[in-house]
Amino acid sequence: MSRLQAEHLYKVFGRRPEDAVHRLEAGADRDELRAEGTTAAVIDASFTVEPGQIFVVMGLSGSGKSTLLRMLNGLLEPTAGRVLFDGDDITHLNPRKLREVRSKKISMVFQHFALFPHRSVLENAAYGLEVQGVAKEERLRRATEALELCGLKGWEKSWPDELSGGMQQRVGLARALATDADLLLMDESFSALDPLIRRDMQDQLLELQKTLKKTIVFITHDLNEAMRLGDQIAVMRDGRIVQTGTGEDILVRPANDYVRRFVEDVDRTRVLTAGSIMEKVAADTEFSDDEGSSCSAETPVAELFAALAEGTTEISVTDDDGDLIGVVGHEQLFSALADEARIDETADETHTDKAGAEAAPTAGVQAAVPAPRETVKAVKSDA
């Protein structure tokens, strides 16, 4: 079962919001409604988040991403549509049940830390548990463990104003983790930090995710952050989700010109993996460790340059079981670095996002990075 589902969510501010939804469903334009004093912040948003997944919602300011996030935990009531959490519709919960869900099952990490200045670091980290009614000894123990996970051991008795911005954000993250909530909502949580500190926080989150495997919805306007963190990414524009997919999908198969322009400055070598550019080999090809360099299918392309620069002609790509599934040579690497998309005049493809909404046709645009070739390549083995 999916952890979280958003089904055809709309959020309209202004006069007669329900009428505005009907007009949007009939094809009315967002700007047309705005001219009449009505703001359509989110329009027909649908997506699914699986357990243990980091789902990133990315878009420019005003695209509707923060409004969307606030509908996921009931801070804002949808004008239309519904939100399912572990299969239960939370859209129509009564206030008491909704507060219970927000206090025990869903935690939120804010952009501006939201720490109490009159409480110590430990007391701030324990606040969510205090709201739940957890006994003091138990909540302080769990808050201490969460702070240690976030790299703040020894700072428990400090005050928020004694911490750097990055450390304060770690307290906010520890507060969310201490509640052991099933879902974390992170609204531009690292956006207020300096670039180096921001990178450290991204590393921290990814490291924690390896062991905790939380389900996370992460909001950002930073494309590189989205590509680095997201298992799945939804790109928003003017209140609509225009494409949903992996970072690799969005980079090499953009749904329309807007997404294509959005990703054109991304460092492809940090997003594309060995598995996406490799030349496949026969399934029964044996692999020997002493044949040269090898890597997993998830290895970023950026990490392959050193081995090829040292004279290795090909790098073997293995699956999780250590079996050989492909090779990467100079040809594949150079293709991955190509900046231009190739146009295939005979193709006529229409990209559709995972929510089922039809996106703009891309009229045969093929990414510069080819799909793994089916050519069977002979690879030497010790057999």
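**Notebook: helices, salt bridges and a surface patch**

I began with Leu 337, which is found in helix α16 (residues 330-337); helices here are DSSP runs of H or I with at least four residues, strands are runs of E with at least two, and both are numbered from the N terminus. The model is predicted, so local features need pLDDT of at least 70 and side-chain atom pairs count only at pLDDT 80 or more, while totals for chains, interfaces and linings use all residues. Residues are numbered from 1 along each chain as its sequence is written, and side-chain values use heavy atoms, with hydrogens and water left out.

**Entry 1. Surface patch.** I looked up the exposure of Leu 337 and found a relative accessible area of 36%, which is partly exposed (buried is under 20%, exposed over 50%, partly exposed in between; 1.4 Å probe, protein chains only). Leu 337 forms a nonpolar surface patch with Phe 305 and Phe 334, and together they have about 280 Å² of accessible area. Patch members have over 30% relative accessible area and no salt bridge; nonpolar side chains (Val, Leu, Ile, Met, Phe, Trp, Tyr) are joined within 5 Å and like charges within 9 Å. Areas come from the Shrake-Rupley method with a 1.4 Å probe, and for residues only the protein chains shown count as cover.

**Entry 2. Whole protein.** I noted 16 helices and 19 strands. Of the 383 residues, 49% are buried. The accessible surface comes to about 19,000 Å², and 47% of this belongs to carbon and sulfur atoms.

**Entry 3. Helix α1.** Which residues of helix α1 (residues 17-25) are buried? I found Pro 17, Ala 20, Val 21 and Leu 24. They cover an arc of only 105 degrees around the axis, which puts them on the same side of α1; the arc is that of the directions from the helix axis to the C-beta atoms. His 22 and Glu 25 are exposed on the other side. The buried residues pack against β1 (4-13), α2 (30-34), β2 (39-49), β4 (80-85) and β10 (240-245), where contact means heavy atoms within 4.5 Å. Just after α1, Gly 27 takes a positive phi of about 110 degrees.

**Entry 4. Helix α7.** I checked the length of helix α7 (residues 136-149): its 14 residues should span 20 Å at 1.5 Å a residue, and its end C-alpha atoms are 20 Å apart, which agrees. The expected span is 1.5 Å times one less than the number of residues. Its buried residues are Arg 139, Ala 143, Ala 146 and Leu 147. Seen down the axis, they fall within an arc of 100 degrees, so they line one face of α7. They pack against α5 (121-125), α6 (127-132) and α8 (165-178).

**Entry 5. Salt bridges.** I counted as a salt bridge a side-chain nitrogen of Lys or Arg within 4 Å of a carboxyl oxygen of Asp or Glu. The count by this rule is 19. Asp 86 pairs with Arg 3, with the closest N and O atoms 2.6 Å apart. This pair links the loop between β4 and β5 (88-89) to the segment before β1, 83 residues apart. Arg 3 counts as buried at 17% relative accessibility, whereas Asp 86 is partly exposed at 27%. Glu 7 and Arg 82 form a further bridge, at 2.7 Å. Glu 7 lies in strand β1 and Arg 82 in strand β4, so the pair ties together parts 75 residues apart in sequence. I also recorded a network of salt bridges linking Arg 23, Glu 32 and Glu 36.
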